[in-house]
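The sequence and the structure come first.

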Amino acid sequence: MSYKADFHVHSYYSDGIMKPTELVRMYKDKEYDVIALTDHDGVDGVPEALIAGEALKIQVIPGVEIGCGYDFGQERLELHILGYYIDIENGELKEYLKKLKENREDRNRRLLKYLQELGYDLTAADLVERPGQTYIGKPTFARAMKKKGIAPDNMWEIFDQTEKEKRSVFETIDIIRKAGGIAVLAHPMKIKKLKNEGEACFWQNLEKIVVDLKKHGLKGMECYHPSASHDEALKLVVLAGKYHLHITEGSDFHGDEEQLK
C-alpha cells in the first residue's frame with residue numbers, strides 16, 4: 001500500500017500563492033495521505049489547514065519554516081529549520097514569530113528604499129497582492145517587479161544585498177522544542193556558501209554542522225527535496241542515518257501544480 005506525504009508546503013500566508021484550504025483540497029485530490037503546512041516565520045494559515053484536513057480526511061501537520069543564522073568558521077551561514085507538530089498557541093513561539101515578523105518588515109522597508117535608489121519604479125502599494133495580506137518577502141518583490149516589467153536578470157543578487165536580522169539556529173531549535181515540536185534541517189543542498197571549497201569539503205562541513213545541531217536538539221533532516229539530486233539525496237539519507245535523525249521529504253511547494261507528481 002502506497003503512502004504519499006509532503007512535509008514542506010507553503011500557502012499565501014507566506015510566499016505561496018494558494019489558500020491553505022486550496023492546498024489541502026489539491027493534495028487530497030492527488031491522493032496524498034499527509035501534508036505539513038510550513039509557512040515562513042508564521043503559523044497564521046495552520047488553523048484553516050487543520051479544519052480543511054479534518055473535513056477532507058487528510059492529515060495536516062502544523063508546521064513552520066524559519067530562516068536562522070549559524071556561525072561556521074569565518075562564515076555566517078543561513079540555515080532553514082522546519083518545525084513539525086508544533087503547538088501554535090505556545091506563548092514563547094508566538095512571541096518569537098512576532099519578532100521575526102518585525103525583522104522582516106524592517107528588511108522590507110530597507111529593500112524597497114534600496115531598489116528605489118537604484119532607479120526601480122516600485123512602491124509599497126505594488127507589493128500588496130491581496131486584502132489582509134500579512135506577509136511580504138523577497139518572492140513578493142520578485143512577482144511585483146516581473147508584473148511591472150522591471151525585473152533585472154540579477155534580481156535575486158540585488159535582493160541579497162539587503163539582509164534581515166536572523167536569530168540563532170540554536171534559539172530556533174529550542175523554541176520549536178518548547179512548543180512541543182520536532183526540529184528538522186531543511187534542504188541542506190541549498191545552504192549558501194557551503195560549497196565554495198568543493199564537493200568533498202561540502203559533505204565534511206555539512207556533517208560537522210549536523211553533529212553540532214544534533215547536540216542542540218535537531219531531530220531530523222530533509223533528505224528528499226527538489227534541490228537534491230538522486231545521488232545527493234542518498235548521501236543525505238546515509239548522513240541522517242549515521243546520526244539517528246528522522247528522514248523527511250518535501251516538495252517546497254509554493255503554487256505551481258506541475259511541481260507535484
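By class, the second largest pocket is lined by 10 nonpolar, 5 polar and 9 charged residues, where Ala, Val, Leu, Ile, Met, Phe, Trp, Tyr, Cys and Pro count as nonpolar, Asp, Glu, Lys and Arg as charged, and the others, Gly among them, as polar. The model is predicted, so that local features need pLDDT of at least 70 and side-chain atom pairs pLDDT 80 or more, while totals for chains, interfaces and linings use all residues. Residues are numbered from 1 along each chain as its sequence is written, and side-chain values use heavy atoms, without hydrogens and water.

A pocket is an open set of points on a 1 Å grid over the protein atoms alone, where a 1.4 Å probe fits, with protein on both sides within 12 Å along at least five of seven lines, and its lining residues have an atom within 4 Å of a point. Grid points are joined across faces, edges and corners, and the volume is the space filled by probe spheres set on them.

| Pocket | Volume |
|---|---|
| Largest pocket | About 1,100 Å³ |
| Second largest pocket | About 530 Å³ |

Of the 24 residues lining the second largest pocket, K101, E105, T134, Y135 and I136 are closest to its centre. The lining of the largest pocket has 8 nonpolar, 6 polar and 18 charged residues.
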